[in-house]
Amino acid sequence: MSVLPPLPVAGPLAIAGLLLAGAHAAPPRVGDVVALLTALAASVCCGWMAMDAANGPLVYWFGGWQPRDGLVLGIGFSVDQAGACFAAFIGLLFAAAIVFAWGYFDTVRSHFHVLMLLFMAGMIGFCLTHDLFNLFVWFEVMSVAGFALTGYQLRSSALSGALNFTVVNTLGSYLLLGGIGLIYARMGALDFSALGRGVATDPGDPVVLAAFALLACGFLIKAAQVPFQFWLADAHAVAPSPVSIIFSGAMVSIGLFGVARLLWPVFAAAPMVHAAAGTLLLGMGAASAVIGGAMALIQRHIKRLLAFSTVSHAGIMLIGLALLDRQALAGTLTYMVGHGLVKGALFAVAGILLATCGGIDEIGLRGLGRPIWPAGIAMGLGGLLLAGLPIGLMDQGISRIAATAPVWALAAIVLGAGCTGGAVLRVTGRVFAGMGPVAGEEKRAPTEEEREKADRPLWLMLAPAALLLALALGVAFLTGTLPDNAAAQFMGGATPGPAGAERPFLSWISLSLALALAALDLFHHRLMAAARIATRLVHPVSAVLQAVHSGVVGDYVAWVVVGLALFAFALS
Amino acid sequence: MSTLIVVLLLLTALAGAGVVIARDPRRQVLTMAANGLVLTCLFMALQAPDVAFSELAVGTAAVPLLFLVVLASIRMDRRLKPGDESDPDGAQ
Amino acid sequence: MSPRLRLFLFAAACLCLVPAVISVARHMPMFGDHPMPYGDAINALAPVQRHVSNMISAVNFDYRGFDTLGEEFMLLCAVTGTVVLLRGTRGEQLSARPGIVPGQPILLRSPAAVLICRIFAPAIVLFGIYVVLHAMTTPGGGFQGGVIIASGFVLLFVGEGYEVWRRMVRSPVLAACEGLGATTYALCGFASMLAGHPFLQNFLPFGTLRDVFSGGLMQIQNAGIAFAVAGGFGTVLLEFLEETRAIKPDDAGPGDGT
Amino acid sequence: MTLLPWLVTAWLLAVGLYGIVTSRNYVHLIGCVSVVQSATYVLLLAAGFRWGAGPPIFYDHPPGTPAVDPVVQALVLTDIVIGAVVTAMLLALALQIHKRTGTLDPERLRPLHR
C-alpha cells in the first residue's frame with residue numbers, strides 16, 4: 001500500500017491548523033511562503049500518484065479498515081489517474097493564486113492562507129475519496145472556505161454576493177446530504193463500490209433514482225448549471241481576484257467531477273439514471289453554454305463577464321459528461337484542466353486591472369490598459385483560447401467532446417465558445433487598445449468603485465497568468481494517451497465506443513463567431529444600419545436575461561426547486 | 001413507544017413550520033429554541049442520545065444565543081457612516 | 001421577479017414534486033424494520049475490536065475517523081471565516097461599555113446574578129470536561145463537551161461584564177486552542193503513519209471495555225476535538241458578543257483586523 | 001405510520017424552502033435554512049432507527065443487545081456541526097450587510113448588476 005494518498009489532504013490541513021495557532025507570533029511573510037510551498041508539495045505528491053496509478057487505482061484504507069468479507073467498515077481513498085491529475089492541477093492553480101496574492105492581504109494575519117490551504121485540502125480530498133459521505137465532508141470543507149473567502153473584502157456588494165452564494169450552496173449541501181440519507185437507507189453502505197453493487201441489484205428503485213436526483217442537484221448547484229447558475233456571477237464577480245482564480249478555475253469543475261463520480265462508480269448499473277442523464281444533463285449543459293455565453297456578452301463588469309463565461313464553459317463540460325462516452329469523458333477531463341488554466345489566467349489579468357487601473361468596468365477602462373500591454377496579450381490569448389483556437393488543452397478536450405456530440409449540442413458549444421471568446425476579445429480590444437466608441441457621461445459605471453491593493457509589482461502578478469497560459473498550451477504536447485487511459489479507468493475499464501467523426505471545422509466556426517461578435521460590438525458605430533438593427537433586436541432578450549438574474553436569493557431558491565422538479569420529470 | 005414517536009414527529013413538523021411562520025426575528029428566536037427542544041426529544045425517542053445532547057447544546061442554546069446577539073447588535077444600529085465603507089485589509 | 005411570481009413558480013415546482021415525493025416515500029425501506037448491514041457490523045465488532053462502549057465515538061474517531069478530521073477542519077475554516085467577516089472593520093480600542101439599544105432602559109447587573117454566574121460558570125466548565133472525558137463510555141464526547149465549555153465562557157461574560165471577561169478570555173489563546181486542537185487530530189494520523197500503520201490507525205493499547213480511558217488513540221483525538229470545539233465556539237461567541245459593545249467615536253474606522 | 005418520518009422530512013424541506021423564498025429579512029431567512037437542515041436530521045435518524053432496539057451505547061446493556069444504527073448518528077453529529085458553523089457565518093454576513101447598508105431585506109439588497 002502506497003503511503004502517499006493521505007498526504008496531500010492531511011498535510012495541508014495540519015499546516016493550516018499550525019498557521020492559525022501561530023498566527024499571532026509568526027513574522028509577516030511566513031503565511032505566503034508556507035502556503036506556496038504546501039500547495040506545490042501537494043501538487044507534486046498528486047502528480048506522483050498519477051504516475052503510480054497508471055497500472056490501476058491506488059487504494060488506501062484509513063485506519064487500516066480493509067473490507068472484511070466484502071463489508072466496508074471504514075473510509076477508502078481510491079486514487080485513479082483522473083482524480084490524481086485533477087488534484088495535481090488544483091495544487092498548481094492554488095500555487096499560482098498564492099503567488100498572485102503575494103502581499104495582497106497584509107493585515108488580517110495569516111487568515112487568508114489558512115482559508116486557502118483548507119480550500120485546497122477540501123478539493124483534493126474530494127477528488128481522491130471513494131466514500132460518499134467523505135465526499136460530502138470534503139465538499140463542505142471546500143464550500144465553507146469559499147463562503148468565507150468571497151466576503152473577505154467586506155464591501156456591501158461582496159457581502160450580499162457572499163450571502164447569496166452561501167444560502168444557495170448550503171441548500172445544495174443539504175440536498176446532497178438528503179441524497180446520501182436516501183441511498184444509505186436503501187443500501188446500508190457508503191463506499192462507492194458497495195453502493196454500485198447495491199444499485200445493480202435494483203436499478204429501477206424510486207429511492208435510488210431520488211437519491212441520484214438529490215445528489216446530482218447538489219453537485220450541479222456547485223457547478224452552476226442552468227437553472228442553478230444564478231449565485232455564481234454574484235459570488236465570482238465580487239470575490240478577491242486570487243480567490244476568483246480558484247472559483248472559476250477549479251471549484252465549478254469540481255461540481256462536475258462530482259457528477260461524473262456519481263455516473264460511473266455509483267450509478268453505473270442504473271440504466272434509467274444514465275438515460276435521464278443523457279437527455280436532462282445534455283439539455284442543461286447546452287442551455288448553460290448558450291445562456292452563459294449570452295450573459296457574458298452583455299456584461300461590462302469584467303469579472304462578472306468572466307464569471308458568466310465560466311457558466312458557459314461548465315455547460316460545455318456537462319455536455320461532455322452527458323454523452324456518457326469514454327472518448328467524451330476523456331475530452332471533458334482535459335477540458336476541465338485546460339479551461340481552469342485559461343480562466344485562472346484571465347481572472348489574474350482582471351486582478352491586474354483592478355490593482356493597476358483602479359477599476360473593473362469595461363467602458364470606464366477604455367484605453368487605460370495600454371501601459372500594461374503584456375497583460376493585454378495574455379487576455380487576448382485567453383480570449384482566443386476560450387473561443388476555440390485549435391491549439392492547447394482546451395482544443396484537445398473540445399475535439400474529443402465534439403466527436404460524439406449530436407448536432408444541436410455542437411451548435412450550443414459553438415455559441416457558448418464564440419460568445420464568451422468574443423466578449424473577452426471585445427474587452428481586450430477596448431481596454432488594452434482603446435478601440436470602440438468614446439463613452440459619454442451617461443455610460444458611467446453602474447457598479448461601485450473598486451480597487452485592489454496596488455503596490456505589487458506587475459511582473460509578480462503577470463507571472464502566474466503567463467505560467468497558466470503556457471501550461472494550457474504546452475501540456476497539450478505531453479498528454480499523449482493519458483486522457484483516454486484516465487477516462488477508461490474512471491469508467492471502470494469501459495470499452496471504447498465507436499470512434500466519432502473528426503470535426504476540425506468546429507473551432508474555426510466558433511473562432512470566427514467570436515471575432516465577429518467582438519468586432520460588431522467595438523465598431524458598430526461605424527457599421528451599416530443593418531448591424532445596428534441587429535443589436536437593437538437583441539435588446540429585449542438581454543433585458544429578460546438581466547431581469548431573471550435578479551440578485552434576490554428567494555428567486556434563486558425558487559429556481560433550485562424548479563431544477564429539482566426537472567429531475568423528477570426526467571427520472572419518472 | 002410508537003405513539004410517542006408519532007407525536008414527536010408531528011410536533012417536529014409543527015415546530016419547523018413555526019420557525020418559518022414567525023416572521024419577526026425576535027419571535028423566531030423563541031420558536032427556534034422550541035424547535036431545538038422538540039428535535040432533542042425526537043432524537044432521544046429515536047435512541048440517539050449523543051445526537052440529542054449536541055442538538056440540546058447547539059440547537060437549543062448556542063445558535064439561538066447567536067441570533068439574540070445579532071438582533072441586539074442590529075437594534076443598536078451600529079451602522080457605519082457612508083464614508084466608512086473602506087476596505088479593511090489594505091486593499092486601497 | 002415580483003414576490004408573487006416567485007411564489008407562483010415555487011408553488012408550481014412543489015406541486016410537480018408531490019407525486020415524486022409520495023412515490024419515493026412509499027418505496028422507502030420500512031421505518032424501524034429493515035436491514036442495516038453497516039451499523040450492525042459496527043455494533044457487533046467495535047466493543048470487541050476497540051474496547052469502547054459508545055459506538056458513536058467508535059464510528060466518529062476510529063472507523064470513520066477521517067470524516068471527523070474533515071469535520072474538525074471545516075469547523076476551523078468556518079470559525080476563521082466568521083472572525084474575518086466580523087473583525088474586518090472593527091478597531092483596536094476596546095470599549096468596556098455595553099452598547100445601548102435605543103429606547104430601552106439600561107439594566108445594572110444585580111449582585112445575585114453575578115454570584116449565580118460565578119458559581120455556575122466554573123460548574124458548567126467542569127461539567128463540560130466531564131462530558132469530554134466520558135466520550136468512550138456514555139453519550140457525549142469532545143464535541144458536546146467543547147460546546148458546553150464554550151457556553152461556560154459566555155456565562156462568565158454575563159456575570160463579570162465585558163471588560164473583565166475580555167481580560168480573562170483572550171482571543172489569541174482561543175485561536176491557539178482551536179488550531180492546536182485540530183492539528184492534534186491530524187497529527188494523530190501522522191503518528192500512526194510514523195509507527196508504520198495506515199493513517200489514523202488506532203495503534204495504542206485499547207484498555208478495557210467500560211473504562212473511562214479505553215479506546216487508545218481515540219482518547220487523544222477526542223481531546224483534540226474538545227480543544228478545537230471549545231476554542232472555535234468560544235471564538236465565535238466572543239466575536240459576536242464584541243458586536244454588542246458600544247462603539248467609541250474613533251473605533252469604527254478601517255481597523256487592521258487584529 | 002410507516003410513511004410518516006419520510007413525509008415529515010419532505011414537509012420540513014418544503015416549509016423551509018417556502019420560508020426562504022418568501023423571506024423579507026435575512027435573519028429570518030437564516031432561521032429557515034436551519035429548518036431545511038432539520039429535514040436531513042430526521043431523514044438520517046429515521047433511516048437508522050429500529051423498533052425495540054436500544055441506543056448504540058453498551059454501557060448499561062451488554063454488547064450484543066439490539067441497538068439502532070450508530071453510523072447515521074455519527075453522520076448527524078457531523079451535520080449538526082456544519083449547521084451551527086454555517087449559521088454563524090451567515091449571521092456574520094447579515095450583520096455586516098446591515099452595518100453597511102442599513103437594511104436586511106433581500107429585495108432591496110442586490111449584488112451588482114451588469
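## Chain B

A residue is called buried here if 20 or more other C-beta atoms lie within 10 Å of its own. By that count, 55% of the 92 residues of chain B are buried in this predicted model.

Take the contacts in chain B between residues at least 6 apart in sequence: 45% of them join residues at least 24 apart.

## Where chain A touches chain C

Chain A puts 60 residues into its contact with chain C, and chain C puts in 62 residues. On the side of chain A, the elements that give two or more residues are α1 (7-21), β1 (58-61), α4 (111-128), α5 (132-150), α6 (156-187), α8 (206-223) and α21 (553-571). The largest share comes from α5(A), with ten residues. Sorted by class, this side of chain A has 42 nonpolar, 14 polar and four charged residues.

## Where chain A touches chain D

The contact between chains A and D takes 43 residues from chain A and 36 residues from chain D. Four elements of chain A, namely α5, α6, α9 (230-238) and α21, supply at least two residues each to the side that touches chain D. Here the largest share belongs to α6(A), which gives 18 residues. The class tally for this side of chain A is 23 nonpolar, 17 polar and three charged residues.

## Two crossing helices in chain A

Now look inside chain A, at helix α13 (residues 326-356) and helix α18 (residues 482-490): their axes come within 8 Å and cross at roughly 115°. That angle is why α13(A) counts as roughly perpendicular to α18(A). The crossing of α13(A) past α18(A) is right-handed.

Which residues of α13(A) and α18(A) meet? From α13(A) they are Arg326(A), Leu329(A), Ala330(A), Leu333(A) and Thr334(A). Facing them from α18(A) are Pro483(A), Asp484(A), Ala486(A), Ala487(A), Ala488(A) and Phe490(A). By class, that contact has eight nonpolar, one polar and two charged residues.

## The buried face of α7

Helix α7 of chain A covers residues 192-201, and its buried residues are Phe192(A), Ala194(A), Leu195(A), Gly198(A) and Val199(A). Looking down the axis of α7(A), these buried residues fall within an arc of 160°, so they line one face of the helix.

What do the buried residues of α7(A) pack against? Their partners are α5, α6, α8 and α10 (241-266) of chain A. On the face turned away from the buried side, α7(A) carries the exposed residues Ala200(A) and Thr201(A).

## A close-up of Ile124

Ile124(A) sits in helix α4 of chain A. Is Ile124(A) buried or exposed? Ile124(A) counts as buried, because it has 29 C-beta neighbours inside 10 Å and the cut-off is 20 or more.

Leaving aside neighbours within four places in sequence, Ile124(A) is in contact with Pro8(A), Val9(A), Ala42(A), Cys46(A), Ala87(A) and Ile90(A). Cys46(A) is 78 residues away from Ile124(A) along the chain, yet their C-alpha atoms are separated by 8.7 Å.

Conventions:
Residues numbered from 1 in each chain as written. Chains lettered and ligands numbered in written order. Predicted model: local features only at pLDDT ≥ 70, side-chain atom pairs only at ≥ 80, totals over all residues. Contact = placed C-beta atoms within 7 Å. Nonpolar A, V, L, I, M, F, W, Y, C, P; charged D, E, K, R; others polar. Buried ≥ 20, exposed ≤ 12 C-beta atoms within 10 Å, placed from the backbone. Axes fitted to C-alpha atoms, helices over the stretch in contact; angles between N-to-C directions. Parallel < 35°, antiparallel > 145°, perpendicular 65-115°, else oblique. Left-handed = near helix turned anticlockwise from the far one by under 90°. Arc of directions from axis to C-beta.
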